[in-house]
Amino acid sequence: MFLGSGIGAAAALMIATSCEGTSQPSKREDDDVRPSSSTTRAIVPLESEPHRRTWMAWPSSREIWGGLLPGIQRDIALVASTVARFEPVVMCANPDDVEHASTMCGRPVEVIGDVPVGDCWMRDSGPIFRIDGDGALSAVGLNFNGWGDRQAHERDARVAEFIAALGDTPFTTAALVAEGGAVDTDGDGTLMATESSVINDNRNPGRSKAELEAALCEAYGADDLIWVPGLRDRDITDDHIDATSRFIRPGVVMVQVPPEARTDVWAEDARQQRQVVSRARDARGRRLEVLGLDGPTTVRSDSPDFLDSYANFYTPNGAVITAEFGDAEADRAAAGVLADAFPGRQVVQLNVDRLHGGGGGIHCVTQQEPVDRP
């Protein structure tokens, strides 16, 4: 159960398409904004709305990480202690790891052993929190299945419901299998998602695109969904959108695109995402404004799985936390772009190369719980 603001040791090239399962008429060519279709349903707020806390998970599996585990733990501890400068952080750890995680993360981070975890990717395994028109909090689970059964996930498959139970938060499961990193929301009726991750037989065999659109919109309390094609079988996630394209606020999307000299499949995927969202309108009829974010030219790692993404940022209260890659010019430019996009927030850049070498980043290991509204 929740105790104040903390937690006590508790027991226990596509265009926007309609989320009603049918093709959507062409968007209007004027700039009128359509009103929200509902003020009472539960919606997932924009990530930069105020948070009550951030949820994270402590990695401890040598079967997954092998000799890389100590470095991954140091990076997770750095992310947690940095976020804790801005808002409460709750780290879920297996009971035998609570003491070690507490020592590494430091006193500001609350470490609990009530939610058994398999790995550190809380964005994908954790609950998606929603707020309804009366300000009440609820949570939905996306039925995490280890990115299409690519990794053991017996514990992580239950993380979402366990976290909801800690706070007596009403909990439901979505009518599809997905991960939070595959979907981004503006909190105002519009989602973005990668087809390669969601419309994939390793998650949702035999399901139509229309069915999956409807299920995602129901889960997030949204009206429209902008699909980008993405890439299958190139990484464990099948190309999560939160590495490339992110809502800054309703009507505004930031897309990270690598330098023009890069012609690999990831670079072409990013350019395609930029093209898709540049042509799209959102659920309110707004043509999306697309902000550019240049990727680094060089990184410190030669890992083939390295995620060189500034766009995988996280927005705790009053801050934007992103990576730095040792490319001084690109790092500095990325910090400036994020500062302009989020005025009044402190931009913090972290060297978490070991985490990025594992194919993820800061956004991938965090999950926000929004402030409920009286």
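How many bridges join strand β4 (residues 51-57) to β18, and in which sense do the two strands run? Four bridges join them, and the strands run antiparallel.

The model is predicted: local features need pLDDT of at least 70, side-chain atom pairs count only at pLDDT 80 or more, and totals for chains, interfaces and linings use all residues. Residues are numbered from 1 along each chain as its sequence is written, and side-chain values use heavy atoms, with hydrogens and water left out.

**View 1. Overview of the chain.** The secondary structure comes to 11 helices and 18 strands. Helices (H or I, at least four residues) and strands (E, at least two) are DSSP runs, numbered from the N terminus. The chain has 374 residues, and buried residues make up 57% of them. Buried means under 20% relative accessible area, exposed over 50%, and partly exposed in between (1.4 Å probe, protein chains only).

**View 2. An open sheet of four strands.** The strand order is β6-β5-β4-β18, with mixed pairing. Strands pair if DSSP finds at least two bridges between them. β6 (109-112) and β18 (367-370) are the edge strands, each pairing on one side only. From one strand to the next, the twist averages 25°. W55 has Q367 in β18 as its bridge partner. Helix α2 (residues 69-83) lies across β4, β5 (89-92) and β6, and runs at about 170° to β4. Axes are lines fitted to C-alpha atoms, for helices over the stretch in contact (heavy atoms within 4.5 Å). Angles run from 0 to 180 degrees between N-to-C directions.

**View 3. The β7-β8 hairpin.** Strands β7 and β8 (residues 137-141) pair in the antiparallel sense over four bridges. I128 stands opposite V140 in β8. Five residues separate the two strands of the hairpin, and G135 in the turn has a positive phi of about 85°. Strand β7 (residues 128-131) is covered on both faces. I128 and R130 are buried on one side, F129 and I131 on the other.

**View 4. Cysteines without a disulfide.** A disulfide is a covalent bond between the sulfur atoms of two cysteines. The cut-off here is a pair of cysteine sulfur atoms within 2.5 Å. By this rule the count is zero. The sulfur of C120 has its closest cysteine sulfur in C364, 8.8 Å away, so the two are too far apart for a bond. C120 is buried, at a relative accessible area of 0%. C92 also counts as buried, because its relative accessibility is 0%.

**View 5. S196 and its contacts.** S196 is found in helix α7 (residues 195-198). S196 counts as buried because its relative accessibility is 0%. Neighbours within four places in sequence aside, S196 is in contact with P229, G230, L231, R232, D238 and D239.

**View 6. R271 in helix α9.** R271 lies in helix α9 (residues 265-279). At 14% relative accessibility, R271 counts as buried. The side chains of R271 and E268 are joined by a polar contact of 2.7 Å. A polar contact is a pair of N or O atoms within 3.5 Å; within protein, one must be able to donate a hydrogen and the other to accept it, and residues adjacent in sequence count only if both atoms are side-chain atoms. A polar atom of the R271 side chain lies 3.0 Å from the backbone oxygen of P259. Residues up to four places away in sequence not counted, R271 touches V257, P258, P259, E260, R262 and T263.
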